[in-house]
Amino acid sequence: MNFLLWLVAVGSLAALLALRLWVVLRLRRKKLQSVKMLVVAGSGGHTTEILRLLGSLSKGYNPRHYVLADTDKMSATKINLFEEKRAERDSESWYKIHHIPRSREVQQSWSSSLFTTLYAVCYSLPLTFRLKPDLNGKDKIKTVEKILKPWEEKTVIPSVLCNGPGTCVPICVSALLLGILGIKKVIIVYVESICRVETLSLSGKILYHFSDYFFVQWPALKEKYPKSVYCGRIV
């Protein structure tokens with residue numbers, strides 16, 4: 001009788017441990033599959049390049065929040081087509097497009113651009129806070145994720161991912177303000193356009209000093225901007 005009770009006790013303990021292990025693994029798996037990311041898209045080739053970059057990311061980067069200028073209709077079309085194809089491969093894929101005022105129109109004077117950019121920053125701050133992109137994913141993704149290309153076995157999991165459109169400036173400034181105010185630390189990953197061979201774009205010249213990771217795709221830029229990371233062509 002005592003042996004039977006001991007056997008029942010051991011069996012119950014083993015069942016509880018198995019249940020605990022199942023719960024832990026289930027929760028861990030859920031965390032591993034969810035890294036919220038904010039992606040800034042822009043008119044022209046910027047959106048094409050950023051979508052090529054996103055195409056190399058795993059399904060763990062979900063949901064994806066796209067931010068673009070309110071007058072940029074073409075980028076919204078490209079994003080919708082990209083995400084529709086992605087959804088065919090991944091049924092859990094989710095995204096949303098957000099709009100902010102354009103910080104600077106083509107041929108707009110620099111003096112007036114200052115005010116429109118400040119307005120865009122004020123508009124972007126509550127949006128960035130509300131979206132709350134993940135810090136760096138290290139507490140959610142334990143494995144080495146080759147986001148761009150392998151370099152020195154480092155891992156970069158962006159909160160904000162951008163590649164040069166003027167729209168990224170107010171978003172990145174608002175993300176920086178969240179950290180300065182102690183509200184939330186946001187990792188900014190900037191990838192300079194492949195078209196920039198010897199000089200940075202205006203957005204790049206600004207965000208070079210504030211981004212956490214700054215990627216260039218030509219060795220000449222790496223020589224001029226030592227803080228940048230060069231790992232060959234990314235997109």
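Trainee: Why is threonine 116 called partly exposed?

Mentor: Threonine 116 has a relative accessible area of 25%. Buried means under 20%, exposed over 50%, and partly exposed in between (1.4 Å probe, protein chains only), so threonine 116 counts as partly exposed. This is a predicted model, in which local features need pLDDT of at least 70 and side-chain atom pairs count only at pLDDT 80 or more, while totals for chains, interfaces and linings use all residues. Residues are numbered from 1 along each chain as its sequence is written, and side-chain values use heavy atoms, with hydrogens and water left out.

Trainee: What makes glutamate 83 buried?

Mentor: Its relative accessibility is 2%, so glutamate 83 falls under the 20% limit and counts as buried. Arginine 64 is buried as well.

Trainee: How do you know that glutamate 83 and arginine 64 form a salt bridge?

Mentor: The term requires a side-chain nitrogen of Lys or Arg within 4 Å of a carboxyl oxygen of Asp or Glu. The N to O distance between these side chains is 2.8 Å, so the pair qualifies as a salt bridge. Glutamate 83 lies in helix H3 and arginine 64 in strand E2 (residues 64-69), so the pair ties together parts that are 19 residues apart in sequence. Helices (H or I, at least four residues) and strands (E, at least two) are DSSP runs, numbered from the N terminus.

Trainee: How many salt bridges does a search of the whole structure find?

Mentor: The search finds one.
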